[in-house]
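Subject: A structure for you to look at

Hi there,

Here is the structure I promised to pass on. Have a look through it first, and then read on for what turned up.

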Amino acid sequence: MTEQKNISTASIGLVNPKTPVNVGGIMRAAGCYQAQSVFYTGNRYELAARSGEAQYDVDTKNAAKTIPLTRVESLLEQVPEGAKIVCVDLVVGATPLPLFEHPADAFYIFGPEDGTIPQQIIDAADEVVYVPTVGCMNLAASVNVLLYDRLSKSTQIAADDELIRESRDNNNRTKVKTWLK
């Protein structure tokens, strides 16, 4: 299987996420973009998951089986050694994501679907960035955009037909038609 060269590391922290659908989407993104771990605080996710709101198979690649999803009391106590804390939220004074240079090793912290990252965490961050959209995005969408931006700015991209073959759905066998001149 083709793998992205994983010289740098990325982990994700979630402040009290609300829905299993978002957490499932984040786990799928973590798998696609090779994040090492996902941590979350609060109990809303677990309560929602127990109440029957299943993850609706959002994580169809089963990233949750290989990437740890861990409930913690404090995200600041989970920062991997050597990682920079990067908060991602609509915060006054933050850097727009297109202008941001990702650190090699990062712990990305995202606010909840219906709130923001606590000031204490913002104050501890090495960087605070935001996705310059009109209105706020869904939590899982924000994680996907951030991790894609990290990948797109990386010099360690493995991009070839083999990666496409290994990554696409079983029902996808299409290819680009080449025209003979």
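Let me start with a term you will need: a crossing of two helices is called right-handed if the near helix is turned clockwise from the far one by less than a right angle, and left-handed if it is turned anticlockwise. Please also keep in mind that this is a predicted model.

**The overall picture**

The protein chain has five helices and seven strands. If you walk along the sequence, they come in the pattern β-α-β-α-β-β-β-β-α-β-α-α. Of the 181 residues in the protein chain, 37% are buried. Now take the contacts between residues at least 6 apart in sequence: 84% of them join residues at least 24 apart.

**Two helices side by side**

This is where the term from the start comes in. Two packed helices are described by the angle between their axes and the distance between the axes. For α1 and α4, the packing angle is about 15° and the axes are 8 Å apart. Angles under 35 degrees count as roughly parallel, so α1 is roughly parallel to α4. Their crossing is right-handed.

Which residues of α1 and α4 meet? On the α1 side they are N22, G25, I26, A29 and A30, and on the α4 side L139, A140, V143, N144 and L147. Sorted by class, this contact has seven nonpolar residues, three polar ones and no charged ones.

Leaving out residues up to four places away in sequence, N22 touches E113, N138, L139 and A140.

Further along in helix α4 you will find D149. Is D149 buried or exposed? D149 is buried, because its relative accessible area is 11% and the cut-off for buried is under 20%. Not counting residues up to four places away in sequence, D149 touches L97 and H102. D149 and H102 are 47 residues apart along the chain, yet their C-alpha atoms are separated by 8.7 Å.

**The nonpolar cores**

How many residues does the largest nonpolar core have? There are 27, and those with the most contacts inside this core are I12, I26, V38, Y108, F110 and L146. Two or more residues come from each of β1, α1, β2, β4, β6 and α4. Another core lies apart from this one and has 15 residues, including F39, V72, A83 and I117.

Setting aside its neighbours within four places in sequence, F110 is in contact with I12, G13, L14, V15, V88, I117, L139, S142, V143 and L146.

**Two residues with positive phi**

Finally, look at a pair of loop residues. N16 sits in the loop between β1 and α1, and its phi is near 40°, a positive value in a residue other than glycine. N16 counts as partly exposed because its relative accessibility is 23%. Q34 sits in the loop between α1 and β2. Q34 is not a glycine, and its phi is positive too, at about 60°.

Enjoy exploring, and do write back with any questions.

Best wishes

Note on methods
Residues are numbered from 1 along each chain as its sequence is written. This is a predicted model: local features need pLDDT of at least 70, side-chain atom pairs count only at pLDDT 80 or more; totals for chains, interfaces and linings use all residues. Side-chain values use heavy atoms; hydrogens and water are left out. Helices (H or I, at least four residues) and strands (E, at least two) are DSSP runs, numbered from the N terminus. Buried means under 20% relative accessible area, exposed over 50%, partly exposed in between (1.4 Å probe, protein chains only). A nonpolar core is a set of buried Ala, Val, Leu, Ile, Met, Phe, Trp, Tyr and Cys residues joined through side-chain atoms within 4.5 Å. Contact means heavy atoms within 4.5 Å. Axes are lines fitted to C-alpha atoms, for helices over the stretch in contact, and angles run from 0 to 180 degrees between N-to-C directions. Angles under 35 degrees count as roughly parallel, over 145 as roughly antiparallel, 65 to 115 as roughly perpendicular and the rest as oblique. Ala, Val, Leu, Ile, Met, Phe, Trp, Tyr, Cys and Pro count as nonpolar, Asp, Glu, Lys and Arg as charged, and the others, Gly among them, as polar.
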